[in-house]
Amino acid sequence: MQQTTVQPVIRGVRFFLAHTPGLVRYGSKPSRDIDRDPAVGDTLQAHLRGYADAAAYPPNQAFLGAIHPDALASLPTPWFRHAGCGERWGPHGEIMPEEEFYGWLKIADAFNLVSLDTDFIESIRPALDAHPLCTPADLEQLGTGVSQAELDAHCAPGTGLAGDMPTLPLFLRDGSRIGCFHAAHEVDATLAADVLLENLTCKTTAVLAMRTLLAQLPIDPMDIPYVLNSGEEAVGDRYQRGGGNLAKAVAEMSGCQAATGVDIKGFCCGPLHALAIAGGLVSARVFPHVVVVGGCALSKLGMKYRGHVQHDQPILEDVLAAVAILVSADDGASPRLRLDSLGRHTVAAGPSQKAIFEQLVKEPLQRLGLSFGDIDKYATELHNPEVTEPAGSGNVPLLNYRVIAGLAAMGKEITPAQVPDFVAAHGMPGFSPTQGHIASAVPFLGHAVDGLRGGDLQRVLLLAKGSLFLGRMTQMADGVSLLLERNG
Amino acid sequence: MQLQGKKIIALGERDGIQGGAIAQCTASAGAEVVLEVTHCFV
């Protein structure tokens, strides 16, 4: 057995966005509110934006690599009024219209959970056929669909495929019904239609991010031996709720026939935990390549819609987001994943922001002999403030950057008066959709890899926090950090 | 503010001041923490 370790690197990162205004009603907050008051559905629909606006939306363009996040700081606000030209494909991925995404949902459906209207399928088939990631086998999986009369029967109370378990009608933004989503069991709540819709959208978006990654990087999908899924979905039935495994399902649909995989759970810091584990597996020569994926969080669609409606702005949480990251052995060019930099928010550290950031930033930097200013960019919670502020949730990235700058000031590295300049130089405006685990650190990875490989970046610190308390098993939060640095 | 003998509900936020931090501070000042909750708004 070889005893030496190798340096892991991030070979590439790709993202995927699906613009899904028709699914906003199935976000957790909107669906609960609609259950209480069906008129909320009309209010929601009146505030949904079209695909062209979502594609042109500057934060989405930053997410897909078409503009740098720093460029957002100089754009007039509100960003949703920006009338720029929104290209579907950016350097780091695409934003897909909802019609095609419903087709991919059917393509990814291994259990006939999705029924789509026959005419609708024929209307989207040419676009799917033209999509660079769609294969003839995918088109076959699309099937021929069902009639509107059959959809009526499926959606009527008590007449769905799973008895009394409700079937969810699937709508486009304009309210037209184009299909339905079935429950998979007569009584099992973990296989209810709303749960399975969350899981299947998560799988579908992760597959599209991973296919984009494998199509655009010079690597054969058959050379991928292991996949780590880092999403927050709960895959499993009543006997193992949330047991997983979505990683292998994503590998199966991504042409990775030689792969297996496993799910890594850590709330919003799941992807960074997964990156550290992937780096460890590569470093120890267990695998030459590991792909870390994270699919979308459908439940977060429309999470802040009340604030958006109150301010008469479009509902901006209308996209599903996913990421795929290739971690490989050192190729001499890709950014190095410094496993010796790993920062951990330990059990003993306590819940104060100072304690958290000392463990995630100050201590790792001291260990490596670096100062705060040696990090070109800190990638932390990158939630788009235009989503959160109208709902009273504040500017989350700015809060985090001020704490980091405050620690630098406490260490006498900068003066308190220099805090705003430090934040502007070493932070960035938030630009990520509020898609759970997707929004923490990883949205900047594409820009980080570009800047560390061929740009002017030397070091990027990724840090993410996870709200463990949400599961009611502990009052604690969690956090991890990792340093990326230029190779050579 | 005199916290000695007061009952405290500690409502925290993950990216601001977490409930645990509020609870520790107020308990050290003599208050009784009757509820400690941290929310995540993203």
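Take helix H9 (residues 193-216) of chain A to start: at 1.5 Å a residue its 24 residues should span 34 Å, and its end C-alpha atoms do sit 34 Å apart, so the two agree. The expected span here is 1.5 Å times one less than the number of residues. This is a predicted model, where local features need pLDDT of at least 70 and side-chain atom pairs count only at pLDDT 80 or more, while totals for chains, interfaces and linings use all residues. Residues are numbered from 1 along each chain as its sequence is written, with chains lettered from A and ligands numbered from 1 in the order in which they are written.

**Helix H9**
- H9(A) is mostly covered, with 21 of its 24 residues buried (20 or more other C-beta atoms within 10 Å of a residue's own, C-beta atoms being placed from the backbone).
- Helices (H or I, at least four residues) and strands (E, at least two) are DSSP runs, numbered from the N terminus.

**The sheet**
- Three strands of chain A make an open sheet, ordered E4-E6-E5 with antiparallel pairing; strands pair if DSSP finds at least two bridges between them.
- Strands E4 (114-116) and E5 (168-171) of chain A are the edges, each pairing on one side only.
- E5(A) and E6 (residues 177-181) of chain A pair antiparallel over four bridges, and Pro169(A) stands opposite Cys180(A) in E6(A).

**Chain A against chain B**
- On chain A, 19 residues are in contact with 13 residues of chain B (C-beta atoms, placed from the backbone, within 7 Å).
- Helix H15 (residues 396-410) of chain A gives the largest share of chain A's side, three residues.

Definitions and conventions:
Two residues are in contact if their C-beta atoms, placed from the backbone, lie within 7 Å. A residue is buried if 20 or more other C-beta atoms lie within 10 Å of its own, exposed if 12 or fewer, and partly exposed in between; C-beta atoms are placed from the backbone.
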